Amino acid sequence: MKRTVVFGFALLMAAAVFLGCGGKDAGGQAEDSKGLIGVVMPTRSEERWNKDGNAVKEGLEKLGYTVDLQFSDDDIPTQLNQIDNMITNGVKALVIASIDGSSLGTQLENARAAGIPVISYDRLLMQSPNVDYYVSFDNYKVGRQMGQILVNGLNLDNPAKRPINLELFAGSPDDNNSVGFYQGAIDVLQPYMDSGVVAVPSGQIDRTVIGTLRWDAAEAQKRMENLLSRYYSGNVVLDGILSPYDPISLSCLEACKAVGYGSTPGKPLPVAGGQDCIVASVKSIVQGEQYATVLKDTRSLGAATVELVDKIMKGETISGLDTTSYPNGASVNGSPYIVPSLLLDSVIVTQDNVQKDVIDTGYHSREELGL
Ligand code: BGC
C-alpha cells in the first residue's frame, strides 16, 4: 500500500514536470508572480528603446511581476499584433511606446473593455480616451533646450556676424513628441529670426516641411545634402543645425563634412544639438564635433513607470500628476480628454558636463565612451 502511494506521488510529480506545471502557469508566469505586464517598445534598432525596455522589465521583475517585453521593428502592424496577443494572454497592465501614436485605437478599446490599464510611455497615445496615464519628459521643455543649445553654441545674444545661418530638422510627424520638441525650439529661436540675427536660407521652417518620418537619419542626411547644394554656395555658410535626435545630428554633420565643413578655412562644422545622449554622440561631443545633446535619463523614466504600474496594481492613489499639458485629441463627455501625466526633467549635455552628468551618474561608462 505504502509503495503504491509513493509510486502514485512520483507519477504525479513526473506528470507535473512534464506538463510544465513546475511553478509556472499557462502564461509562462511563476505561480508566485504578481501578474503579467505587457511592455511594447517601438524598435530594437535604437539605443534608447533597448535601455527603456530593459529598465522597465528589470524593475517590474524585481517587484515580482512577470514581463512580456516586445519590440515592434518600427512596423505598425507588428505592434498592433503584439498588443492583441498581450490582451489575449491576460496581461494585467500595458506599457506602450507607440510607433504612430494614433494607430492603436482598436487595441486601446479592447484593453479598456478587458479592464487593462494602459500607460502611454514616452510618446503620447493619441485620439483615444482609453489611455490611463502618460509617463514622459516635459517635451516642450526638451524642445526649448534644443533651441537653447543653439543660442549658447552660436552666441546668438552677441553674434559674431549677421545673419547666423541655420537649417531646421524635426522628428517624425506621427510622433506627438515632435510637436513639443519643435514648438519649444521655435519659441526660443523665433525672436532671433524676427530680429534678423538668425536666417534660414532654405526658408524651410514649417514643421510639416522639416519633419523626418520614423526619425530616419538617412532621410535627414539626404535632406541636408540637398539643402547644402541648393542654398549654400559662394560665401553662404551653414552655421547651425536644429536637430531633434542624435543620429540625425551625426548624419547631418557627415553631410557637412562631405562638402568641406570642418576641413576648409571659413567653414567650421556647424553647431548641432541633438537628443538622447547616445554613446556615438557623446563621443562626438568629446571630440568637439557635435556641440551638445539633451539627456533624458531612461533609467528614471523606467523607474517612474515601474512605480506607477505597481501603484495601479495595488490600487493606490497616484499623486503628482500633471492634468493640463497633454490633451490627446480625444474627447470625453464633450470635453477634450487630457491624459494624466508624470513628466520628468531633462539636461543639456556639452563637453563641460559630460563627466558630471553622463559618466559620474553611470549613464555611460568611460569604457563605453572610449575614454
Ligand atoms: C523620443 C526620443 C527619440 C525619438 C526617436 C521620441 O519619441 O522622445 O527620445 O529620440 O522618439 O526614437
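Pro163 has its place in the loop that runs between α5 (139-153) and β6 (164-168). Keep in mind that this is a predicted model. The peptide bond leading from Arg162 into Pro163 is cis, and its omega is near -10°.

Asp74 isn't a glycine, yet its phi is positive, near 55°. Why point these two out? Because most peptide bonds are trans, and most residues other than glycine have a negative phi.

Where does the ligand sit? You'll find the ligand in the largest cavity. Two elements each give two or more residues to the shell around the ligand: α2 (47-62) and α6 (177-194).

The ligand has 13 residues around it, and the closest are Glu46, Arg48, Asp122, Asp175 and Asp276. Sorted by class, that shell has seven charged residues, four nonpolar ones and two polar ones.

| Side chain | Distance to a ligand oxygen atom |
|---|---|
| Glu46 | 2.5 Å |
| Asn177 | 2.9 Å |
| Trp49 | 3.0 Å |

How much of the ligand's accessible area does the protein cover? On its own the ligand has 310 Å² of accessible area, and the protein covers 100% of that.

If you're clicking through the site, Glu46 is a handy place to begin, as one of the closest residues to the ligand and with a polar side-chain atom 2.5 Å from a ligand oxygen. From there, look along α2 (47-62) and then α6 (177-194), the elements that give two or more residues to the shell.

Note on methods:
Residues are numbered from 1 along each chain as its sequence is written. This is a predicted model: local features need pLDDT of at least 70, side-chain atom pairs count only at pLDDT 80 or more; totals for chains, interfaces and linings use all residues. Side-chain values use heavy atoms; hydrogens and water are left out. A residue is near a molecule or strand if one of its heavy atoms lies within 4 Å of it. A polar contact is a pair of N or O atoms within 3.5 Å; within protein, one must be able to donate a hydrogen and the other to accept it, and residues adjacent in sequence count only if both atoms are side-chain atoms. Accessible areas come from the Shrake-Rupley method with a 1.4 Å probe; for residues, only the protein chains shown count as cover. On a 1 Å grid over the protein atoms alone, a cavity is a set of points where a 1.4 Å probe fits but cannot get out, and a pocket is an open set with protein on both sides within 12 Å along at least five of seven lines; lining residues have an atom within 4 Å of a point. A molecule sits in a cavity or pocket if more than half of its atoms lie within 2 Å of its grid points. Helices (H or I, at least four residues) and strands (E, at least two) are DSSP runs, numbered from the N terminus. Ala, Val, Leu, Ile, Met, Phe, Trp, Tyr, Cys and Pro count as nonpolar, Asp, Glu, Lys and Arg as charged, and the others, Gly among them, as polar.
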